[in-house]
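Welcome to a short tour of this model. Please have the sequence and the 3D view ready, and follow along chain by chain.

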Amino acid sequence: MEKNELMDRLAAGTLSRRNMLKGLSALGIGVTMTPYFHGRANAAGQATYFTWEGYEVPELHGDYIKKHGGSPEVSIFADEGEALQKMIAGYTPDVAHPCSYNVNLWREAGVLQPIDTSRLSNWGDLVGSLKVIPGTQHEGKQFFVPFDWGNTSILYRTDLVDIKEESWGLMWDERYKGRLATFSGANETVPYTAVYAGLDPWNMSDADLAKVRALLEKQRPLIRFYADDVSSIEQGLASGEIVAGSTWNSSNVLLKGEGVPVKFMNPKEGIMTWVCGLVMHKDAPNPDAAYDLIDAMLSPEAGKFMIVDYGYGHSNTKSFDLAGDEAIETAGLSRDVEAFLKAGVFSNEFKNRDAVLKMFEEVKAGL
Amino acid sequence: MKFQLPSWMRGGGLTTYAVLYMVFLYVPVLFLPLFSFNDGIYIAFPLKGFTVKWYEAMIETESLQAALFNSIRVAASVSIISTILGVLAARAFTRYRFVGRKPTLGLLALPLVVPGIILGIALLIMANRLGIPLSLFTIGAAHVLIATPFATFVMISRLEGFDSNLEEASRDLGETGWTTFWRVTFPLALPGIVASLLLTFIESFDEFILAFFLSGTDATLPIYIWSQLRFPKRLPVVLALGACILLFTVITVAFAEWVRRKGVKLTPKSED
Amino acid sequence: MTSEAQTAPPAGTIGRLRTVVKGAIFRNAGLRGYILLSPTLLVLLGAMCLPVGILAVYSLWTQSGVEIDHTLTLANYLKIFNKPSYMLLIGKSVLISLTVTLATVLLAYPIAYFIAFKIKRHKIVWLILITIPFVTSYLLRVFAWKIILGYNGIINSGLKWLGVIDQPLTFLLHNPTAVVITLAHAWAPIAILPIFVSLEKMDRSLLEAATDLGDSPLQRFLRVTLPLSIPGVVAAAMLVFIPTVGDYITPQLVGGPDGMMVGSLMHAMFFRANDWPLGSALAIVSALAITVTSLGVWFLTKQARERAV
């Protein structure tokens, strides 16, 4: 009864619409005027980490949380090109996460600072060959701390695809017209096309580039969609909309976990391998926190999570001991990182990057 | 007493159309709640089973809540500011004939003829040159820029052909400019103002491209959702959020309507 | 509210100056117009002209790598105009957007009419009902269309269940039609509201007059209602057409290779291919194409309206 009365009075009270309007505008102004910069104030001194989604989980920076009492501020990018443009235009995170072949470009663009590896306690345990990837050092200074490594290959449905031998040629197989998908990034799709054509992707002449372009134009009508993200390829494979698509190790782990019959191909022309890692922004506002974050991500505990939960390799040799041989085998990785990367075609920088990038964009747009 | 259908249900074809149109509007959106209860990470039929775990995950995801609150704040500010600017501009255009009226109107429409991505990058460079740090403020400023033409067009559409004699009559009756505004101009413009507030709020709440380029560390909801599209595991959580926003909007509207009707019913009683 | 009488009469030079200025303002309608406009204009000039200026200058430069060559040249424009495929892509984008606009406005008009004329009470409830679905994210709505049109989506699984098909239809998603459907749904409220506002403010006595003169409902609609609502329709069309030409999110999510629009290429030039100058030139050419198309539509409706009256 009392409750009803209250409601009645509430209703009667709002009879004067003016009061209700007043209340609403007060609420509106209240919401509007709440300081815009509160997030910043709370996070004083925390590093800002600019990365792909999925790499910001607390499991990957446990030591940082222990020291700073919380996770770093996170900002997500979907494409390394977009991330670079944003930083050129003035966005200043502390730590970012490009792949090795982009480090030169980023350094030339003036957004990186050299990293003092003596400040990283885990540096000594990292795989030696990953520290000296071409393009990641300049004038004797280290600009890149290797973090994760893995493959790019074709993931295909074993129940829907009928092939005699594993080859990149599946991406040009007319039988699967409209049931193939590939990455929309030139860094992913152009190299395997060149490999399929028997060319060196990183040193293409104009004639080579024309051959690759012709192949890509031939591929376009067979493609169901160019994917900006792995999730659309994963969903396409799960539903059977596509029977094969280019993707990374984690898709394989994920879809197998879902019970989808898929296989991560080891093409006869060579599987693509890559290394990604951490860099520091030239004007990093919190360099101390940035070093703590990088160091935390290099820890064996973070590495174990990468191997077991994501199926990617990690740069710290101790991570493999922690993860165990069974997990390494399940993920299709190897303790001998150098041999693993050399067994495939390692992702380098394109010699004529601008021409390659522009060519692929024109092909996609149907120009 | 003769039974009568409410007015909107009489009228044959048009009513049928209206109902079908509402189905067209709502059906795609109603799949969000449906799949937010689906016990599987892929958004595909058949449904795998009932679960509320995505809602539990949503409550635990702080970054999502922060993004939602950021979006509400930006959208509320943008709708108020751009509607004020729109009302002022529309009033100037409809009330006064002045030199350069047409070119000025064209200038006003300029933010609409520049594609969002280009405007985004140009504003980003400018913010950088002026040393303005990227934040919700820069997103809000960009949204005001694109929402103001919307607000202005809606207000011009409302105020065009507006009988200025009414205002003159009011002034002749000795009212001051201010009272005339509140008693005559404002009530007549009110439907346009409401439409403008709604339109600009949605415009800002939903805007992705500019927000993407002009955001610092604080994300708005569309930026957050875009980042989640990469990860099927997180997508159902986003669907759960979509369902909650939908439910919240419906409840708010239903409550407002209930209060209004209650108010209407009580009126004769209080006069007894 | 403070009335004029309560304030002390102005005294001294400042007071006289106030009177003079006030007088000038009251006498000069143009000045008053600009004073009203000034806040809006300041925002637009400061935040529009500068960025657009940067854009125009950029389109005359060239870029290799991260280095920008500041020599002024028309090379980018020549590239666009000499290669027919560029213009074809812009043309295709304009065509897709025009189709979206036509579909959206045609679908929206009856519902705006319905709310303005058939609904006597609770109009605001209907307007809110229309906007509710659009408070959910645009990206999620595009995703919802993927669920409906998708390979094992609503339509395909429904038809399969009915036994109409045994293999899912693949022509539903990843093509230009999917882009049109998705955009027509996404921009619906943007079209409904301006049309509704123009119908709502219409002088009802004109309609009564038409009926008194013996017009049938259809004649009355064509002779009175439609011409009077044209400003709202044109506003709705512009509000839908212009932003959709530059959209690259929807083509990316549902368009497939053939649904690609010029926005995708511009985005790529800025963020993938490191050619800002070419991207800027593309933007300016696209903006010109949008302007020409918009003026064309506006001119045609103006002609049609004059003929009707």
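## A histidine in a loop of chain C

Let us start with C:H70, which sits in the loop that links strand 2 (67–69) to helix 3 (75–82) of chain C. Helices (H or I, at least four residues) and strands (E, at least two) are DSSP runs, numbered from the N terminus. C:H70 counts as exposed because it has 10 C-beta neighbours inside 10 Å.

A word on the model: it is predicted, so local features need pLDDT of at least 70 and side-chain atom pairs count only at pLDDT 80 or more, while totals for chains, interfaces and linings use all residues. Residues are numbered from 1 along each chain as its sequence is written, with chains lettered from A and ligands numbered from 1 in the order in which they are written.

## Two helices crossing in chain C

The axes of helix 4 (84–118) and helix 8 (residues 176–186) of chain C come within 9 Å and cross at roughly 40°. From helix 4 of chain C, the contact (C-beta atoms, placed from the backbone, within 7 Å) includes C:I96, C:T99 and C:V100, and from helix 8 of chain C it includes C:P176 and C:V179.

## Where chain C meets chain B

Chain C and chain B each bring 77 residues to their contact. Helix 2 of chain C gives the largest share of the chain C side, 18 residues.

## Inside chain B

Chain B has 12 helices and zero strands, and 49% of its 272 residues count as buried. Contacts between residues 24 or more positions apart make up 77% of those in chain B with a separation of 6 or more.

Helix 11 (residues 221–228) of chain B has eight of its eight residues buried, so it is largely enclosed by the rest of the structure. Among them are B:Y224 and B:W226.

## A helix end in chain A

Helix 13 (residues 300–310) of chain A has buried residues including A:F305 and A:Y310. Just after this helix, A:G311 adopts a positive phi of about 80°.

Key. A residue is buried if 20 or more other C-beta atoms lie within 10 Å of its own, exposed if 12 or fewer, and partly exposed in between; C-beta atoms are placed from the backbone. Axes are lines fitted to C-alpha atoms, for helices over the stretch in contact, and angles run from 0 to 180 degrees between N-to-C directions.
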